[in-house]
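Here are a few quick exercises on pockets and a ligand shell. Have the viewer open and try each one before reading its solution.

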Amino acid sequence: MPEGLIFDLKKYAINDGPGIRTTVFFKGCPLRCRWCHNPEGQSFAPEIMIRPSRCLSDCSECVAACPEGAIVKTAGVPVLDRPRCNACGKCADVCPAQAIERVGRRLSAAQLLREIEKDRIFQEESGGGVTFSGGEPLSQPDFLSEILEQCRKKEIHTTVDTCGFAPADVLERIAEKTDLILFDLKAIDEKKHIAFTGKSNRLILENLKRLAAKGKKVVVRIPIVPGVNDDEENILGTAEFLRSLGTISEISLLPYHKLGRDKYRGLEKKADDDDFTPPSAERLERIKKDLEDCGFRVSLGE
Ligand code: SF4
Ligand code: SF4
């Protein structure tokens, strides 16, 4: 049985599909969007995240627990020698202050299903279910396929939230087993897409065409990042492309925010969004109205 690597499991989510949902975040993503607020979802391997402000001054449990000598306390805070660290998590296990976290855990589909089923009552009463997000869930296709099958047997509504960057056969295999797809479209212009995500959008657009041709239930999600994709050319170009597909009627706008900054610091990764600012309420409303005028049902998400 394939195992999956996930980095979070969020209960009572209300923005990841219909009703109240359990959202499972798969670890690893092929894109590197400059506005990403889940940097812990980028790498395909477990990582150690440190929050020095939580560290207790009279403690050095983590230093004693590390078999690799990869962590020291300097000026009262834990400092990680990342090349030496193998992310075993022993330091996190002993930390009494949750100042160290091992991000990423491996589990089987049966184990994950048990977690999902704990929220069954909320899912059923609200018309919700489970959403597989990330990172990029399609980058772990065998595990995703297995958990989707198990959810279907239990009649749990499933949603997959994808950036669309996956082989066509993977997307089609997963789509057959999924009730709803949330499909992210970042920019319609290929050069812009490469500049801001690191990858071409050709495969992504082709994949969306494939889903639409099959009449799959899809909601398109557009992150709105001022100066990147909030211009009229991109918004109307996106609307024109979506209209040409014929079967897509719903769009969700996700305003850019800077809430992932702490996590970048904890992973010692450099955030690359200093020049971005969140969109104003007026700008969002304008974009919403423009897309509604093009015939789409548009909602504002988070
Ligand atoms: S994760 Fe393991 S190797 Fe890395 S610092 Fe902690 S105990 Fe040491
Ligand atoms: S175990 Fe936690 S609280 Fe203790 S020194 Fe390490 S990081 Fe700080």
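**Exercise 1.** Find which strand gives the largest share of the lining of the second largest pocket in this predicted model.

*Solution.* Start with the space itself: the second largest pocket holds about 250 Å³. Its lining has 18 residues, and Gly-17, Leu-182, Val-219, Glu-250 and Ser-299 sit closest to the centre. Next, list the strands that supply at least two residues each: strand 10 (180-184), strand 11, strand 12 and strand 13 (297-300). Strand 12 takes the largest share, with three residues. Finally, sort the lining by class: seven nonpolar, six polar and five charged.

**Exercise 2.** Describe the lining of the largest pocket by strand, domain and class.

*Solution.* Volume comes to about 1000 Å³ for the largest pocket. The lining counts 42 residues, with Phe-25, His-37, Asn-38, Ser-133 and Gly-134 closest to the centre. Now the strands: those giving at least two residues each include strand 1 (3-13), strand 6 (100-103) and strand 8 (129-134). Strand 1 gives the most, four residues. On to domains: domain 1 (3-44 + 105-300) and domain 2 (50-103) each put at least three residues into the lining. By class, you get 17 nonpolar, eleven polar and 14 charged residues.

**Exercise 3.** Which residues come nearest to ligand 1?

*Solution.* Go through the 13 residues around ligand 1, and you'll find Cys-66, Cys-85, Cys-88, Gly-89 and Cys-91 nearest. Then class the shell: nine residues are nonpolar, two polar and two charged.

Conventions: Residues numbered from 1 in each chain as written. Chains lettered and ligands numbered in written order. Predicted model: local features only at pLDDT ≥ 70, side-chain atom pairs only at ≥ 80, totals over all residues. Heavy atoms only, no water. Near = heavy atom within 4 Å. Nonpolar A, V, L, I, M, F, W, Y, C, P; charged D, E, K, R; others polar. 1 Å grid on protein atoms, 1.4 Å probe; cavity = no way out; pocket = protein on both sides within 12 Å on 5 of 7 lines; lining within 4 Å. Points joined across faces, edges and corners; volume = space filled by probe spheres on them. Domains from an automatic or database assignment.
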